[in-house]
Amino acid sequence: MKSIVSYLITFLAMIIALMLFLQSKWVPQWAADQQLITRCTLIGGVGGVIYCLRAVYINACVRKCWDEQWHPWYYIRPVVSLISGGVSWLFLSAGLLILDADDQVNSNPTGFLALAFIAGYNVDKFMAKLEQLAESAWGIEKSRSSTSKDER
């Protein structure tokens, strides 16, 4: 468990370091041009790390049901959360997800960052929402991992 907590804290520290670097004057122009997607990706990672840290103390301390079979999940989940944060930016930028009826969303990145955090924090619900969107917009059926046993 200690190695997982160390990994998660190191992962979080690296994300914070990258966020701070993005605010510095040494950021290359190509990176400065892509700051919103980078920030969405990173904030998705923050959400994932927070979710994992919470899961550690709930499972180890509160429920007292720590299971080593879940170790891969603790290592992989923050990476998946980074990706979900970036994907949230993609869907918002494409107009496939809408935060508000107000057209000024694009001028303020707060909505993008909030959704990216939620996408990273709760990857399962975010992916289910994307599958719902794909099903209604393009008729793409839900994946087998999203359907219940009754629906299969």
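**Aromatic pairs and a surface patch**

Val80 counts as partly exposed because its relative accessibility is 31%, where partly exposed lies between buried, under 20% relative accessible area, and exposed, over 50% (1.4 Å probe, protein chains only). This is a predicted model, in which local features need pLDDT of at least 70 and side-chain atom pairs count only at pLDDT 80 or more, while totals for chains, interfaces and linings use all residues. Residues are numbered from 1 along each chain as its sequence is written, and side-chain values use heavy atoms, leaving out hydrogens and water.

**Surface patch**

- Val80 is found in helix 4, residues 71-93, a helix being a DSSP run (H or I) of at least four residues, numbered from the N terminus.
- Together with Tyr75 and Ile76, Val80 forms a nonpolar patch on the surface, with about 230 Å² of accessible area.
- Patches are made of residues with over 30% relative accessible area and no salt bridge, and nonpolar side chains are joined within 5 Å; a salt bridge is a side-chain nitrogen of Lys or Arg within 4 Å of a carboxyl oxygen of Asp or Glu.

**Aromatic pairs**

- The structure holds 8 aromatic pairs, which are rings of Phe, Tyr and Trp (its six-membered ring) with centres within 6.5 Å, stacked if the planes are under 30 degrees apart, edge-to-face if over 60 and otherwise tilted.
- Tyr51 and Tyr121 form an edge-to-face pair, 5.0 Å centre to centre with 90° between the planes.
- Because Tyr51 lies in helix 3 (residues 35-62) and Tyr121 in helix 5 (residues 110-121), this pair ties together parts that are 70 residues apart in sequence.
- Phe117 and Tyr121 form a stacked pair, 5.9 Å centre to centre with 15° between the planes, and both lie in helix 5, 4 residues apart.

Technical notes. Patches are made of residues with over 30% relative accessible area and no salt bridge: like charges are joined within 9 Å, nonpolar side chains (Val, Leu, Ile, Met, Phe, Trp, Tyr) within 5 Å. Accessible areas come from the Shrake-Rupley method with a 1.4 Å probe; for residues, only the protein chains shown count as cover. Helices (H or I, at least four residues) and strands (E, at least two) are DSSP runs, numbered from the N terminus.
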